[in-house]
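Here is a friendly walk through one chain, from its overall make-up down to single side-chain pairs. Have the viewer open as you read.

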Amino acid sequence: MADIRHDFLATEVPIGTKLHIPESVPSSVYRSRLFERLNEGRKGKLTLICAPAGFGKTTLVSDWIRSSRVQAAWISLDEGDNQPIRFWRYMAAAFKSVDRGIADNVLQASAQLASMDFEQAIRLFLSDLQRLAKPITVVLDDFHVIRDQGIVQGLAYLLAHLPDSVHFCIMSRTNPGFDLSRLEIDGKATCFTLEELRFSEREGTLFYRNCMRLEWDDATTAALVRKTEGWIAGLKLSALSFRDKEDAVGEALREFSGDLRQVERYLLQEVFRHLSEPMRQFLMKCSILSRWNAPLCQAVTGWDSRPYIEALEDGQLFIVPLDAKGDWYRFHHLFAEFLRKQLEKHDPASVPELYLRAGDCCRERQLDEEAIEYYLLGRHYDQAVELLEETAANVVNRGWSVLRGWLSSIPNAILLKHPMLYFSYALSLSNSGQGHLAERKLQEAQRWYEEASPEWSEAERSRYLGWIHYVRGNTMVFLHHDLNRAREHFRLSEFYAPHGIALIYGKEDAPLQAIDVRSYAIENGHASPEVATPYTMQMADIFRKANPSFLGRLYSHHGELRYLWNDLQQSEHYAGKALKWIEQLPARSEFERIPNCILRARLKAAEGKSEAAKDILHAGIDWMKRMNIRRGILLLETERARLALMEGDAAMAAAWIERYQLSASDMISVFQLYEYEFLARALIAHDRLDEAGRLLERLQGLAESELRPIDEAEVLAMHSLLLKRQGFQEPALLKLDQALSKAEANAIVRIFIDEGPDMSGLLIELIATRQQGKLRGRWLSSLEFARKILSGFGIDETFAGTETPLAALLTPRELDVLHCMREDLSARQIAERLQIGYETVKTHRSRIYGKLGVASRMKAIE
């Protein structure tokens with residue numbers, strides 16, 4: 001047994017074999033006419049090869065990839081891939097197999113991809129694909145097994161928006177389930193017909209001679225091609241059936257009715273009948289395995305499997321290598337279906353035992369996912385549940401939807417006896433928006449308690465009630481937003497289970513975000529101090545006892561809000577409290593660390609301590625590099641470039657654009673608002689004003705549609721300054737009014753202050769314009785809110801918008817510079833007179849223009 005374990009572990013894990021491009025068949029028929037069509041199809045977005053089993057779809061495409069040296073990613077699909085998270089993670093892994101820098105974000109957005117609300121997550125995927133270094137063809141083999149409509153619709157959306165560098169090749173027995181008409185009209189889809197895939201008589205002759213090493217006469221091979229209608233699997237079956245008895249071919253031809261299903265049954269039976277009895281038993285028993293190698297076959301059959309596998313290879317039976325070393329295989333689908341039917345016919349009672357052996361073998365070798373699926377297929381629920389309880393934390397790292405799929409297939413009567421799994425399942429339903437299902441699970445748990453608890457110990461009853469109340473508390477928080485009832489349930493949970501309860505907490509369902517408070521939809525007023533502060537404090541009080549690991553995120557979130565409200569002292573207080581909790585989390589705590597790092601850096605920058613801010617960001621970037629978290633590096637490098645830009649250094653922004661290759665024309669996901677907002681700033685800094693304006697329009701529409709009012713306000717504020725710079729005075733004021741209206745409901749002040757002196761000048765101009773009645777129409781924001789923001793600049797709100805003396809607007813040094821400008825001194829002459837640097841003069845001059853709301857020296861001195 002020790003040797004088997006060594007061999008098993010020395011080979012590739014089976015799941016990885018799904019991405020392996022099948023090996024070419026030795027001396028296979030070179031189908032130049034089809035290769036030419038495949039090459040031509042790469043100019044579009046999709047090649048669809050739709051035909052029944054056995055027409056050589058897989059061999060055709062794998063041979064084409066190798067002969068044409070196409071850069072390709074391959075996914076061999078099976079029934080288990082109808083779980084959306086699994087499907088999209090394989091998709092991401094396939095892209096990463098050819099370009100390691102691609103699709104990191106998709107793995108984190110897999111929960112969104114798995115829902116019917118997949119558009120934003122696919123946009124995130126597309127933004128990655130736009131930066132592919134080389135063109136790539138993605139092959140989806142056996143797509144007919146995919147029935148999940150969310151996957152089908154998501155793939156259709158992806159295909160409709162693919163960049164030119166990506167081409168999909170889908171192989172299926174049936175139509176893919178989405179409309180191809182638009183792609184076909186645009187000349188972006190190439191569809192292979194069944195007639196094209198059939199072997200010609202010439203190809204049939206070459207197949208028998210080169211592949212099967214049979215020297216049958218041309219008349220015989222031509223007759224077989226005609227009788228099988230060019231069906232490649234039929235030709236191979238005939239060769240296997242009559243390899244040593246050419247004289248039997250004529251009789252077989254008379255037996256064929258011409259119906260391919262009848263031909264298939266006849267020939268498979270002939271091949272199977274001529275195998276030895278041990279080989280037939282071996283094949284039937286191993287037919288339950290989706291993928292197999294020698295040790296796994298040995299565990300299932302109880303026999304030394306190497307001689308059988310060697311015989312299958314030598315006999316060119318229907319097995320498909322899944323890796324380059326020839327360790328892992330699967331049966332051809334036609335053969336697998338036939339073998340399973342034979343097993344069900346001749347020995348159905350053995351099937352559950354075979355699944356149990358397969359599950360035990362995989363479990364022993366820590367292939368937990370394979371083991372669980374074999375246990376469930378064989379209805380060995382106790383073993384599945386036991387393994388799930390042992391490895392649940394690792395399972396969750398692959399996604400809650402996978403775990404939910406497994407648990408949903410276990411009978412409720414069994415699952416109820418395992419409360420840790422049962423209530424983790426209910427909790428996951430609650431946290432994923434499936435509240436009605438979570439409520440149903442809790443009701444079932446309550447009924448089970450009433451029926452079964454009289455036979456339990458007091459400790460068992462208390463622990464069970466602790467679970468019920470904890471999950472109910474979560475549903476009150478996240479579904480009903482009823483903190484009072486949540487508090488009562490959490491109190492009862494602590495009363496019944498004072499030492500805590502074991503639950504599995506799902507992995508983060510969204511990509512990394514720079515600012516936590518901007519990572520979800522917010523209704524008007526929900527982020528205001530009056531609403532958010534008491535809510536946060538109640539949440540902190542609840543989770544301090546119920547789930548303290550949540551406090552780091554909660555305090556950072558509240559610190560971000562305090563910063564936006566311009567309450568910097570309290571923001572710093574909560575950022576510090578958050579950091580203490582975050583440092584107690586496991587090493588992979590990037591979802592908490594990144595927002596906290598950015599918040600602390602912004603607080604230091606607001607105090608004028610830019611070096612301290614840079615140190616915080618450098619430390620954060622170093623941590624992300626050690627952990628190899630690429631998106632984390634992107635977000636923190638974006639913040640570092642933003643800080644440099646605020647100080648007047650545009651060089652880092654230029655380097656950032658060059659490194660990350662973002663473009664104003666990219667398809668943008670809501671998860672990417674932060675980096676594309678910075679891109680707009682960088683474009684403005686490099687005088688690409690029209691390009692920046694178009695980008696800001698797109699960002700505003702995205703933020704508005706996805707209910708991101710803080711982002712929308714910041715985008716509108718940036719756009720108002722851009723319009724002012726372009727000389728569009730009235731549109732700039734109207735755009736600023738829009739920004740203020742979006743921010744006012746949630747008392748968001750700081751985004752305007754962080755824009756600097758240019759914004760204070762435009763605010764003053766807006767107030768004056770409104771008070772003087774120069775612009776007609778309904779204003780969206782209040783003057784009171786505009787004055788509140790001005791007070792954050794240190795400008796007395798009592799004079800804002802009135803006939804204000806310059807001394808009230810400008811600092812003493814700015815007044816000195818303005819007086820020199822009135823004397824028509826150049827910037828260098830002003831620097832010499834005032835004994836200050838040339839660049840400092842330019843900075844003061846820019847601030848004077850902003851405060852006065854002008855764009856030129858002439859206007860400033862009027």
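## Overall make-up

Of the chain's 862 residues, 56% count as buried. What you are looking at is a predicted model, and its secondary structure comes to 47 helices and seven strands. Among the contacts in the chain with a separation of 6 or more, 71% are between residues 24 or more positions apart.

## Confidence

The pLDDT averages 82 over the chain, and 85% of the residues score at least 70. Among the elements, helix α1 (residues 2-10) has the lowest mean pLDDT, 33, while helix α40 (residues 750-753) has the highest, 96.

## Nonpolar cores

Which residues touch the most other members of the largest nonpolar core? In this core of 111 residues they are L289 and F423. Leaving out residues up to four places away in sequence, F423 touches L442, A445, Y464, W467, I468, V471 and L503. There is also a second, separate core of 87 residues, which includes M624, I633, A682 and V715.

F423 has a relative accessibility of 0%, so this residue counts as buried. The cut-off for that label is under 20% relative accessible area. W467, one of the residues that F423 touches, is at 6% and therefore counts as buried.

## Aromatic pairs

Searching the whole structure for aromatic pairs gives 19. In the pair of F423 and W467, the ring centres are 6.0 Å apart and the planes meet at 10 degrees, so the rings are stacked. The angle decides the label here, because planes under 30 degrees apart count as stacked. F423 sits in helix α25 (residues 419-431) and W467 in helix α27 (residues 458-478), so this pair ties together parts 44 residues apart in sequence.

## Charges over rings

Elsewhere, arginine side chains lie over aromatic faces. R37 is placed over the face of F192, 4.8 Å from the ring centre. R828 lies over the face of Y838, at 4.0 Å from the ring centre.

## Salt bridges

The count of salt bridges comes to 50. One of them joins R363 and E390, whose closest N and O atoms are 2.8 Å apart. This pair links distant parts of the chain, with R363 in helix α20 (residues 351-364) and E390 in helix α22 (residues 381-396), 27 residues apart. E390 has a relative accessibility of 51%, so E390 counts as exposed.

K614 takes part in a salt bridge with E611, with 3.4 Å between the closest N and O atoms. Both residues lie in helix α33 (residues 610-627), three residues apart, or about one turn of the helix. K614 also meets E647 in a salt bridge (3.5 Å, N to O). E647 is in the loop between α34 (630-646) and α35 (651-660) while K614 is in helix α33, so the pair ties together parts 33 residues apart in sequence.

How accessible are these partners? K614 is partly exposed at 23% relative accessibility, E647 is partly exposed at 41%, and E611 counts as exposed at 51%. A further group, made of R518, E677, R681, D711, E714 and E755, is linked in a network of salt bridges.

## A closer look at Y674

Is Y674 buried or exposed? Its relative accessible area is 12%, so Y674 is buried. The residue is found in helix α36 (residues 673-685).

Which residues is Y674 in contact with, leaving aside its neighbours within four places in sequence? They are A514, I598, R602, L635, T638 and E639. For Y674 and E639, the C-alpha atoms are 9.4 Å apart in space, and the two residues are 35 residues apart in sequence.

Terms used:
Residues numbered from 1 in each chain as written. Predicted model: local features only at pLDDT ≥ 70, side-chain atom pairs only at ≥ 80, totals over all residues. Heavy atoms only, no water. Phe/Tyr/Trp six-rings, centres within 6.5 Å; stacked < 30°, edge-to-face > 60°. Helix = DSSP H or I, 4+ residues; strand = E, 2+ residues; numbered from the N terminus. Buried < 20%, exposed > 50% of the residue type's maximum accessible area, 1.4 Å probe, protein only. Lys NZ or Arg CZ within 6 Å of the ring centre and 35° of its normal. Salt bridge = Lys/Arg side-chain N within 4 Å of Asp/Glu carboxyl O. Core = buried A, V, L, I, M, F, W, Y, C linked by side-chain atoms within 4.5 Å. Contact = heavy atoms within 4.5 Å. pLDDT = per-residue confidence, 0-100.
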